[in-house]
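Here's a quick briefing to read with the model open beside you. We'll start inside one chain and then move on to where the two chains meet.

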Amino acid sequence: MAKQIVFAITILITLGVFTFTILRLISYFKFTKANFPIRDFGKRFKIMLEVAIGQTKIFRRPVIGFFHALVFWGFCVIIFGSIEMIIDGLFGVEKSLKTLGVLHNIIMASGDVFALLVAISILVFLVRRLFMHISRFEGIEMKKISHQDANIALSMILLLMLSLIGMNASYVQLKLTAGETIYGVYPVGVMLAPIFSGLTVNGLHLTYEICWWSHILLIFIFANILPYSKHFHVFMSVPNTFLTRLEPLGKLTNMDDITREVKMMLDPNATFDAPAADAPISRFGVKDVEDVSWKNYFDSLTCTECGRCTSVCPANTTGKMLSPRKIFMDLRARMKEKGPGLVKVGKDFNDNKSYLRDYISEEELWACTTCNACAQECPVNINHPTLIVDMRRYLVMEENSAPSGLKTMFSNIENNGAPWQFSPEDRLLWADNLEIKV
Amino acid sequence: METKKIEIPVMADLFARGEKPEYLFWVGCAGAFDDRYKKVTRAFAKILTHLNISYAVLGKEESCTGDPARRAGNEMLYQMQALQNIAILNGYEVKKIITICPHCFNIFKNEYTDLGGNYEVINYIQFLDKYIENGSIKLDAGMLGNTRITYHDPCYLGRGNDIYAEPRSILKKLTNDFVELERNKSFSYCCGAGGAQMFKEAEPGKKEVFIERTEEVLRSDAKIVATACPFCMTMLTDGLKYKNKEDVKNFDIAELIVQVLDL
């Protein structure tokens with residue numbers, strides 16, 4: 001009974017802290033702008049199955065992608081064992097899902113085997129991070145804390161898996177020594193059980209309890225660390241793929257505010273009517289966090305800083321300042337900085353700083369070729385170029401700020417309908433003296 | 001061999017005579033003004049004539065789609081261009097547009113739709129592939145034979161619009177020695193000119209993007225690097241010049257077809 005009470009209190013604390021964190025994050029979303037409507041559920045579900053569950057984009061780097069897929073699929077099966085542990089803890093029972101029969105055997109066996117596979121994969125990741133030089137883990141945005149964040153999360157997952165493996169092995173040995181029925185199938189547990197063969201029934205029971213509590217408490221702690229870590233993608237990546245922008249990568253989003261203005265300019269009658277000309281117009285483009293869309297912010301919370309985007313960016317790989325990963329890391333950081341003030345004071349809160357300039361420089365933004373390699377590569381379907389162009393929109397339309405070459409291009413288009421200084425009269429010169437052999 | 005002069009049909013003339021061509025051939029600014037790329041426009045116009053396609057160009061009425069302005073953040077200028085272009089296109093009751101430039105293709109296909117410009121938009125590579133597949137264009141691999149050819153994917157055909165198969169299908173009929181670059185299809189590496197980079201100096205860095213891509217082209221040992229975009233052509237041609245590798249040639253796919261067909 002005491003165990004049940006302690007467990008119930010632990011789970012209440014876990015859920016309480018988690019709810020607090022999530023509600024705060026949700027409150028920040030209120031300050032973001034609308035984006036595409038969420039329709040086409042069938043299409044979205046298919047993308048989620050492929051990209052999240054099938055790990056298709058992770059496999060664009062097959063070797064390391066394989067290890068990540070093992071970890072992801074491992075989490076998917078181990079979670080059923082965790083659910084059983086919570087039921088057991090709350091009701092003071094053991095292996096409560098055993099009533100499922102064969103299905104329970106499958107759940108336990110797959111969780112047991114995957115615990116080992118995940119542990120091995122995590123060791124591979126840790127070795128890579130600690131002892132190998134992986135260029136995409138470096139960059140101006142990768143501070144010491146980013147590396148610590150990664151290593152802490154990996155270490156916690158490793159401990160989670162070791163406690164699970166220990167729990168299964170000691171469970172098997174305990175039941176064997178005590179001559180009781182083993183519920184579930186534990187291929188790795190059976191293999192490792194002899195390690196504990198020297199222990200008495202009491203010793204085995206204690207070992208099992210220590211592993212059980214370590215595992216469940218680590219889950220609770222991990223769940224509450226995640227929203228503050230880049231490993232929040234554990235929660236966010238599956239929904240983020242479901243919420244993928246469905247347009248072709250080449251397409252930019254239309255600015256309807258501008259369409260109204262341009263239509264008024266082109267149609268003189270509309271100008272004379274001047275409907276609602278005094279209505280306040282919101283800022284063009286993105287300067288700070290309240291200008292980004294909910295999807296941009298969702299993307300920023302999903303980013304796990306893997307750097308695949310940056311590693312394929314033509315600007316970054318040729319030594320320019322731009323790093324697509326930084327665009328989203330900085331968005332998340334800026335919202336963390338400004339969000340509390342926005343919640344407290346309201347949307348007019350001003351701390352004399354902004355996402356554009358205090359975090360992202362103009363030099364970074366102008367280096368983008370909009371080639372979409374970053375968006376193509378992102379394993380969780382984050383879209384970087386649209387946000388980069390949104391910041392360019394602010395610079396050009398609110399501040400008339402752009403590199404001189406671009407300003408020349410603008411005036412050429414305005415004056416002679418081409419980005420270069422050529423007369424429209426000359427548009428057919430290419431066709432002069434054109435002949436075909438017959 | 002005799003030659004025949006090609007008169008390029010202009011939409012306004014046809015319309016005045018009460019004729020309506022099936023396709024509008026959108027030449028684009030590079031197609032009209034860039035000296036190197038004008039040869040691609042000429043090559044494609046020869047193929048259109050060879051195939052007896054019912055088409056016309058806008059000529060003096062054509063104006064920038066607004067793509068470079070839009071990608072540089074000037075949405076206002078883009079929409080001014082777009083709405084005026086749409087008015088002209090709709091005035092001529094245009095239903096189908098063929099583009100050679102992938103940037104024009106992308107903006108007509110994906111972005112003009114938001115402003116009331118709805119057309120069937122066909123990129124010339126898709127168009128050429130269709131006429132090769134149905135036998136109207138007969139390619140003889142003997143011409144280019146064993147010349148090693150590689151292909152640089154333009155971002156706005158490839159990643160932007162998932163057109164990967166058609167250019168490869170054509171090139172494999174033009175040569176027996178088609179090779180891929182190290183980074184190809186959806187992994188392809190930008191030439192460095194997209195997103196309005198074509199019109200500005202590059203930011204400080206340790207290398208130019210077009211040099212990085214040119215070096216990759218040279219590593220493939222191809223004699224010809226085929227492209228399908230005016231900006232990619234400028235960048236790679238410059239890259240080859242810069243590297244003093246003028247024995248490696250950069251041709252557009254339409255030019256290679258014209259060479260083989262000997263038009």
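In this predicted model, the C-alpha centres of domain 1 of chain B and domain 2 of chain B sit 23 Å apart. Domain 1 runs over 11-128 and domain 2 over 137-261 of chain B. Between chains, the contact draws on 60 residues from chain A and 67 residues from chain B.

**Domain against domain in chain B**

- The two domains of chain B do touch: 26 residues of domain 1 are in contact with 26 residues of domain 2.
- On the domain 1 side, the elements giving two or more residues are helix 2 (29-33), helix 3 (35-50), helix 4 (67-71), helix 6 (102-111) and helix 7 (124-133) of chain B.
- Helix 3 of chain B gives the most to that side, with nine residues.
- Sorted by class, the side of domain 1 of chain B that touches domain 2 has 14 nonpolar, six polar and six charged residues.

**The parallel sheet in chain B**

- Chain B has an open sheet of four strands, ordered 3-2-4-5, with parallel pairing.
- Its edges are strand 3 (55-56) and strand 5 (120-123) of chain B, and each of these pairs on one side only.
- Strand 2 (residues 23-26) of chain B pairs with strand 3 of chain B in the parallel sense, over two bridges.
- To find that pairing by eye, look for B:Tyr23 opposite B:Tyr55, and for B:Leu24 with its bridge partner B:Ala56.
- Strand 2 of chain B also pairs with strand 4 (residues 96-99) of chain B, again in the parallel sense, this time over four bridges.
- B:Leu24 turns up here too, standing opposite B:Ile97 in strand 4 of chain B.

**Chain A against chain B**

- On the chain A side, these elements each supply at least two residues: helix 9, helix 13 (314-317), helix 16 (362-366), helix 17 (373-377), helix 18 (385-399), helix 19 (404-416) and strand 1 (435-437) of chain A.

**One helix pair across the chains**

- Two packed helices are described by the angle between their axes and the distance between the axes.
- Here, the axes of helix 9 (residues 256-266) of chain A and helix 5 (residues 75-91) of chain B come within 9 Å and cross at roughly 55°.
- Helix 9 of chain A is therefore oblique to helix 5 of chain B.
- The crossing of helix 9 of chain A past helix 5 of chain B is right-handed.
- From helix 9 of chain A come A:Ile258, A:Thr259, A:Val262, A:Lys263 and A:Leu266, which meet B:Glu75, B:Met76, B:Gln79, B:Met80 and B:Leu83 in helix 5 of chain B.
- By class, this contact of helix 9 of chain A with helix 5 of chain B has six nonpolar, two polar and two charged residues.

Conventions. Residues numbered from 1 in each chain as written. Chains lettered and ligands numbered in written order. Predicted model: local features only at pLDDT ≥ 70, side-chain atom pairs only at ≥ 80, totals over all residues. Domains from an automatic or database assignment. Contact = placed C-beta atoms within 7 Å. Nonpolar A, V, L, I, M, F, W, Y, C, P; charged D, E, K, R; others polar. Pairing = 2+ DSSP bridges. Axes fitted to C-alpha atoms, helices over the stretch in contact; angles between N-to-C directions. Parallel < 35°, antiparallel > 145°, perpendicular 65-115°, else oblique. Left-handed = near helix turned anticlockwise from the far one by under 90°.
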